[in-house]
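I set down here what I looked up in this structure, entry by entry.

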Amino acid sequence: MIEEIFDFNKLVLSISKNKICELSASEAEFIKKAIDEETKELHEAITSGNIVDQIDALIDLAYFAIGGIYKLGLSAEQANTCFTHIHTTNMSKVKGVKQGRSEFKSLPDAVLDSVSHTDLSKLLRDTIKEQH
């Protein structure tokens with residue numbers, strides 16, 4: 001999926017891949033607005049019970065999120081490596097309630113068990129540097 005979305009950004013949107021860098025203010029604002037719009041569309045699809053529109057909105061959310069990674073300048077390989085690290089960390093979480101999310105008390109949450117956020121940040125930074 002990452003490769004396909006990177007291809008979309010490059011071939012359809014004609015966005016040139018940057019060197020690895022932070023998003024510009026305008027890129028960040030565009031991604032935020034696009035994700036907000038898709039989240040609104042998802043809410044409307046859920047409210048109306050339209051599963052096709054729910055799927056469309058969820059996939060469009062992935063497009064904007066992964067498009068943001070493309071705009072950060074990562075290669076598809078780097079993005080996949082980061083995804084694998086984050087997935088592995090997520091798989092080590094245990095069900096519980098995350099501090100600071102009191103508004104979701106009725107929902108179970110995945111709480112990081114074995115790898116700290118600091119370790120994950122270092123791992124991602126090292127991965128990006130190694131492949132840069």
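**Entry 1: Overall make-up**

I counted 5 helices and 2 strands in the protein chain, where helices (H or I, at least four residues) and strands (E, at least two) are DSSP runs numbered from the N terminus. From the N terminus on, I read the order of elements as α-α-α-α-β-β-α.

I note that the model is predicted, that local features need pLDDT of at least 70 and side-chain atom pairs pLDDT 80 or more, and that totals for chains, interfaces and linings use all residues. Residues are numbered from 1 along each chain as its sequence is written, and side-chain values use heavy atoms, with hydrogens and water left out.

I looked up the accessible surface of the protein chain, which comes to about 9400 Å², by the Shrake-Rupley method with a 1.4 Å probe, only the protein chains shown counting as cover for residues. Carbon and sulfur atoms hold 59% of this surface. Of the 132 residues in the protein chain, 22% are buried; buried means under 20% relative accessible area, exposed over 50%, and partly exposed in between (1.4 Å probe, protein chains only).

I also looked up contacts (heavy atoms within 4.5 Å). Among those in the protein chain with a separation of 6 or more, 65% join residues 24 or more positions apart.

**Entry 2: Helix α1 and what follows**

Which residues of α1 are buried? I found Ile 2, Ile 5, Phe 6 and Asn 9. They lie on the same side of α1 because they cover an arc of only 105° around the axis, the arc being that of the directions from the helix axis to the C-beta atoms. On the other side of α1, I found Leu 11 and Val 12 exposed. The buried residues of α1 pack against α3 and α4 (76-91).

I then followed Phe 6 to Leu 74: the two are 68 residues apart in sequence, with 9.7 Å between their C-alpha atoms. Leu 74 sits in the loop between α3 and α4 and is buried, at 7% relative accessibility.

Just after α1, I noted Ser 14 with a positive phi of about 55°, in a residue other than glycine. Ser 14 belongs to the loop between α1 (2-12) and α2 (25-48) and is exposed, with a relative accessible area of 57%.

**Entry 3: Salt bridges**

How many salt bridges does the structure hold? I found 2, a salt bridge being a side-chain nitrogen of Lys or Arg within 4 Å of a carboxyl oxygen of Asp or Glu.

- Lys 32 pairs with Asp 36, with the closest N and O atoms 2.9 Å apart. Both lie in helix α2, 4 residues apart, about one turn of the helix. Lys 32 is partly exposed at 46%, and Asp 36 is partly exposed at 41%.
- Lys 33 pairs with Glu 29, with the closest N and O atoms 4.0 Å apart. These two are also in helix α2, 4 residues apart. Lys 33 is exposed at 51%, whereas Glu 29 is partly exposed at 37%.

**Entry 4: Cysteines and a surface patch**

I searched the whole structure for disulfides (cysteine sulfur atoms within 2.5 Å) and found 0. Cys 21 is partly exposed at 36% relative accessibility, and Cys 82 is buried at 9%.

Lastly, I looked up a nonpolar surface patch of about 470 Å², made by Ile 51, Val 52, Ile 55, Ile 59 and Tyr 63. Patches are made of residues with over 30% relative accessible area and no salt bridge, like charges being joined within 9 Å and nonpolar side chains (Val, Leu, Ile, Met, Phe, Trp, Tyr) within 5 Å. Ile 59 is placed in helix α3 (residues 51-71) and is partly exposed, with a relative accessible area of 44%.
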